[in-house]
Every structure is written in C-alpha cells, then in structure tokens.
Amino acid sequence: MIRTQVCLTEKERLAISSLAEATGKKQAELIREAVDIFIELRSGLHRDEVLDQAAGMWRNRADLPDFTASRQSWDRG
C-alpha cells in the first residue's frame, strides 16, 4: 500500500470518524472503500452491470400495450 495524505473538511472528518466508530473500522479503511466505490462508478463497470441487469426486464409483461402496433400507427405510409 502507498501512503497518501488527504485533506478533509471538518464535516467530512467528523462523519468519517463517526462511521469508523460505528462500524469498528479504521478511518483509512473507510476512505479506501469510498475510493474503490468511486472508481467503480466512474470507470463504467458499474454502468455495464446495471444495464446487464436491466436487459429484458420488460419481457413477458402482460400489463404493457402492444408497442409494435403503437409504433406502426406513428409511421407514415
């Protein structure tokens, strides 16, 4: 591990301190977890996972209108 210095606001420091006490984890561990989550969210990996989970979620639903028929009514022809 590489030691890195981070400046926090007083509000952030108090929140991290409270979370550390409540969870029994060290502040540095919580900060590393937060950085890992941030990297995952920003890297697009999380986005791909969400899209994969959403794929087909409307399949086999009987309560939805017939989209093909609706779409055809919009076509000029």
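On the surface of the model, D36, E40, E49 and D52 gather in a patch of negative charge. The elements that give two or more residues to this negative patch are α2 and α3, the latter covering residues 45–54. Such patches are made of residues with over 30% relative accessible area and no salt bridge, like charges being joined within 9 Å and nonpolar side chains (Val, Leu, Ile, Met, Phe, Trp, Tyr) within 5 Å. Asp and Glu count as negative and Lys and Arg as positive, whereas His and the chain ends are not counted. The place of a charge is taken as CG of Asp, CD of Glu, NZ of Lys or CZ of Arg. The model is a predicted one, in which local features need pLDDT of at least 70 and side-chain atom pairs count only at pLDDT 80 or more, while totals for chains, interfaces and linings use all residues. Residues are numbered from 1 along each chain as its sequence is written, and side-chain values use heavy atoms, with hydrogens and water left out.

Helices (H or I, at least four residues) and strands (E, at least two) are DSSP runs, numbered from the N terminus. D52 is exposed, with a relative accessible area of 62%; buried means under 20% relative accessible area, exposed over 50%, and partly exposed in between (1.4 Å probe, protein chains only).

Helix α2 spans residues 27–43 and includes I39. Together with V35 and F38, I39 forms a nonpolar surface patch with about 290 Å² of accessible area. Accessible areas come from the Shrake-Rupley method with a 1.4 Å probe, and for residues only the protein chains shown count as cover. Q27 also lies in helix α2 and is partly exposed at 35% relative accessibility. The C-alpha atoms of Q27 and E40 are separated by 20 Å, the two residues being 13 apart along the chain.

Side chains of opposite charge can pair when their charged atoms come close. The structure holds 4 salt bridges, a salt bridge being a side-chain nitrogen of Lys or Arg within 4 Å of a carboxyl oxygen of Asp or Glu. Among them is the pair of E33 and K25, whose closest N and O atoms are 2.8 Å apart. E33 is partly exposed at 30%, and K25 is partly exposed at 31% relative accessibility. Another salt bridge joins D63 to R61, with 2.9 Å between the closest N and O atoms. Here D63 counts as exposed at 57%, whereas R61 is partly exposed at 40%. The side chains of D75 and R71 also meet in a salt bridge, at 3.0 Å from N to O. D75 has a relative accessible area of 44% and is partly exposed; R71, at 43%, is partly exposed as well.

Helix α4, comprising residues 67–74, is hardly covered, since the count of buried residues among its 8 residues is 0. D66 caps the N-terminal end of α4, a side-chain oxygen lying 3.2 Å from the backbone nitrogen of T68.

The loop between α3 and α4 contains N60. Most residues other than glycine have a negative phi. N60, although not a glycine, has a positive phi of about 60°. N60 is also exposed, with a relative accessible area of 75%.

Definitions and conventions
A polar contact is a pair of N or O atoms within 3.5 Å; within protein, one must be able to donate a hydrogen and the other to accept it, and residues adjacent in sequence count only if both atoms are side-chain atoms.
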